Amino acid sequence: MCGIFGYFDLQGRSLTGSALQNMGDVINYRGPDGQGIFVEPGLALGNQRLAILDIEHGQQPFISDDKQIVVVQNGEIFNHVELADELKNTEFECKTHCDTEVLLRLYQKHGIDFVSKLNGMFAIAIWDNNDKALYLIRDRVGEKPLHFHYVDDRLIFGSEIKSILAAGIDKQLDHNALDSFLSFNYVVPPSTLFKDVKHVMPGTYIKATAQGIEDVRWWDLASIALQEKPERQWINEFNDILDDAVRIRLRADVPFGAFLSGGVDSSCVVGLMSKHMNQSVKTFTIGFHDEKFDESPFAELAATRFSTEHVLEKVEANLLDLWPKATYHCDQPHGDVSFLPTYRVAELASSKVKMVLTGDGADELFAGYDKYKSFFADDYASGMSETEFRGNYLDNISLFKSDAKSALYSEGFKQQVAEDNTASYIFPLFDKSQHMGRVNQALYIDTMLLLPGNNLVKPDRMGMAVSIENRAPFLDFRMVELAFSMPGKLKLQQGETKYIYKKAVADLIGSDLTYRKKQMFTVPISEWLKHDLKEMVLDLLLSEKTMARELFNEEYVSTLYADHCNGSANNTREIRALMALEIWFREFDV
């Protein structure tokens with residue numbers, strides 16, 4: 001796990017040395033174990049290293065013997081052992097045990113097509129001097145972030161946006177991206193709130209040459225076909241893949257453990273870790289003193305079942321003093337305040353380990369959220385026309401709907417936003433996924449947008465803030481492909497979320513943990529907004545500083561807050577999102 005950064009100027013112009021140094025220094029926490037930079041006129045590839053594998057020999061960049069190919073990466077290639085074995089006794093045999101060298105040798109042998117061989121989480125930059133080409137490659141589902149800025153024939157890239165900003169680009173607000181944030185509670189990729197700063201999308205790579213840049217999709221989730229199999233076969237394949245996904249994610253040369261919430265996902269991961277390890281799994285849990293929001297008893301139940309070395313810390317539920325810090329590390333606003341307890345559990349774990357396994361991704365693959373259950377309950381969606389289904393599901397996942405945004409936005413803001421902006425993110429995904437069935441269409445949209453835009457930002461950025469790596473076995477590409485070959489009826493059935501998944505793991509974790517009521521990993525905030533946080537709310541939503549941005553209708557915002565305070569409406573999510581946005585404006589001085 002690391003951070004990468006660099007640039008390629010198509011006209012051969014060089015950044016100053018101080019700008020390049022700043023790009024690495026500003027993300028030092030992603031890789032405090034060392035910095036390496038390859039530089040030549042008009043080009044640089046840099047790395048901040050967090051040493052997890054081959055501590056002694058894993059310094060980046062890796063450079064080919066003939067000095068023509070340079071590689072840096074952020075991430076881990078979990079099947080690097082098997083890939084290195086394939087290269088033995090060839091001219092491309094590896095000299096170290098580092099997974100980044102495997103990338104270099106595979107590229108030398110296969111060219112850019114090597115990427116399809118990788119099982120991992122990765123953001124990779126490769127300079128091929130033979131073709132005068134820079135490649136920026138991102139993993140299949142976007143576990144590792146990778147951003148770029150391409151203006152005036154100069155491509156600047158970085159694991160985090162702040163690294164790109166450190167190169168000296170102008171900070172300008174992208175109003176369409178802001179509209180997407182208010183629509184969905186996160187900024188929808190490939191956009192960011194910074195104009196001309198984009199995501200390299202999951203499953204794609206960017207190729208830059210003197211002729212310009214092109215965007216290539218190397219893995220397409222929408223190409224997976226549905227299959228019909230007996231339940232027992234699905235269960236066996238699920239368990240086999242998850243078991244192996246956990247096994248290969250235990251490869252590390254540093255102490256490691258797991259986040260354990262007591263939910264079905266983290267409990268399964270810990271259960272399988274205990275099967276493959278010769279010592280007790282180190283598990284980490286944050287609990288709340290307020291029992292209404294405390295999941296820690298379930299975590300302790302799982303810890304006892306699997307005899308883990310369990311570390312529990314109970315904290316006050318109000319973690320909002322961490323909000324500016326979390327926003328800084330995320331580069332963008334997120335209305336999801338579960339980022340804050342995620343930061344605290346990462347901080348807790350970082351005192352003892354450098355890597356953890358997590359249960360991230362399972363809800364999006366196997367329909368674990370209540371929003372799926374409520375929308376598809378009683379075959380509600382089956383009788384809709386395609387147009388009705390798209391419109392109703394868009395409303396189901398929207399924060400501010402179109403009429404609310406019309407009332408919220410100032411006239412100037414309205415003029416900056418494209419008329420079909422919200423639909424432009426979602427409807428093309430409906431088009432690509434019609435063969436999947438409607439449950440899987442909903443999951444496909446979240447896998448393509450919500451995961452890289454929000455839910456995977458959380459473990460990456462909150463972990464990296466304290467220099468700890470997160471690994472998610474459920475996001476092994478074999479599991480993702482299995483999930484989207486599985487009919488939706490096996491995920492949502494008779495009001496049960498994760499139907500076949502739960503049947504598969506009940507013997508491993510026990511029925512009490514398997515069928516417990518799902519509890520979101522979040523903090524209580526609705527009542528605080530009315531009383532304890534009133535001063536903070538008024539400052540962030542209605543202060544002269546906020547209103548001077550001329551983005552929102554002051555009367556509408558005032559009414560939104562007043563209705564929440566007097567109990568006529570629960571506007572927690574809307575108020576929280578507007579607060580998150582203003583914190584972002586102040587943190588990044590945009």
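Me: In which loop is the place of Pro61?

Reply: This is a predicted model, so local features need pLDDT of at least 70 and side-chain atom pairs count only at pLDDT 80 or more, while totals for chains, interfaces and linings use all residues. Residues are numbered from 1 along each chain as its sequence is written, and side-chain values use heavy atoms, with hydrogens and water left out. Helices (H or I, at least four residues) and strands (E, at least two) are DSSP runs, numbered from the N terminus. The bond from Gln60 to Pro61 is cis, with omega near 0°, and Pro61 is placed in the loop between β3 and β4 (62-63).

Me: What is omega for the cis peptide bond that joins Pro189 and Pro190?

Reply: Most peptide bonds are trans. Pro190 lies in the loop between α5 (175-184) and β10 (197-199). Its bond with Pro189 is cis, and omega is about 15°.

Me: Does Asp152 count as buried or exposed?

Reply: Buried means under 20% relative accessible area, exposed over 50%, and partly exposed in between (1.4 Å probe, protein chains only). Asp152 sits in the loop between β8 (147-151) and β9. Its phi is positive, about 55°, although Asp152 is not a glycine. Because its relative accessibility is 53%, Asp152 counts as exposed.

Me: And Lys498, buried or exposed?

Reply: Lys498 also has a positive phi, about 50°, and is not a glycine. Its place is in the loop between α19 (477-485) and α20 (499-509). Relative accessibility is 3%, so Lys498 counts as buried.

Me: What is the length of the polar contact that joins the side chains of Asp265 and Lys498?

Reply: Asp265 is in helix α7 (residues 264-276) and is buried at 9% relative accessible area. A polar contact is a pair of N or O atoms within 3.5 Å; within protein, one must be able to donate a hydrogen and the other to accept it, and residues adjacent in sequence count only if both atoms are side-chain atoms. Between the side chains of Asp265 and Lys498, that distance is 2.7 Å.

Me: How far apart in space are Leu443 and Phe484, C-alpha to C-alpha?

Reply: Leu443 belongs to helix α17 (residues 438-455) and counts as buried, at 0% relative accessibility. Its contacts (heavy atoms within 4.5 Å) beyond four places in sequence include Phe366, Tyr372 and Phe484. Leu443 and Phe484 are 41 residues apart in sequence, and their C-alpha atoms are apart by 8.7 Å.

Me: Why do the buried residues of α1 lie on the same side?

Reply: Helix α1 (residues 17-25) has Ala19, Leu20, Met23 and Gly24 as its buried residues. They lie on the same side of α1 because the arc they cover around the axis, taken from the directions from the helix axis to the C-beta atoms, is only 140°.

Me: Which element gives the largest share of the lining of the largest cavity?

Reply: On a 1 Å grid over the protein atoms alone, a cavity is a set of points where a 1.4 Å probe fits but cannot get out; lining residues have an atom within 4 Å of a point. Grid points are joined across faces, edges and corners, and a volume is the space filled by probe spheres set on the points. The largest cavity has a volume of about 120 Å³, and Pro145 and His199 are among the lining residues closest to its centre. With three residues, the largest share comes from α18.

Technical notes:
On a 1 Å grid over the protein atoms alone, a cavity is a set of points where a 1.4 Å probe fits but cannot get out, and a pocket is an open set with protein on both sides within 12 Å along at least five of seven lines; lining residues have an atom within 4 Å of a point.
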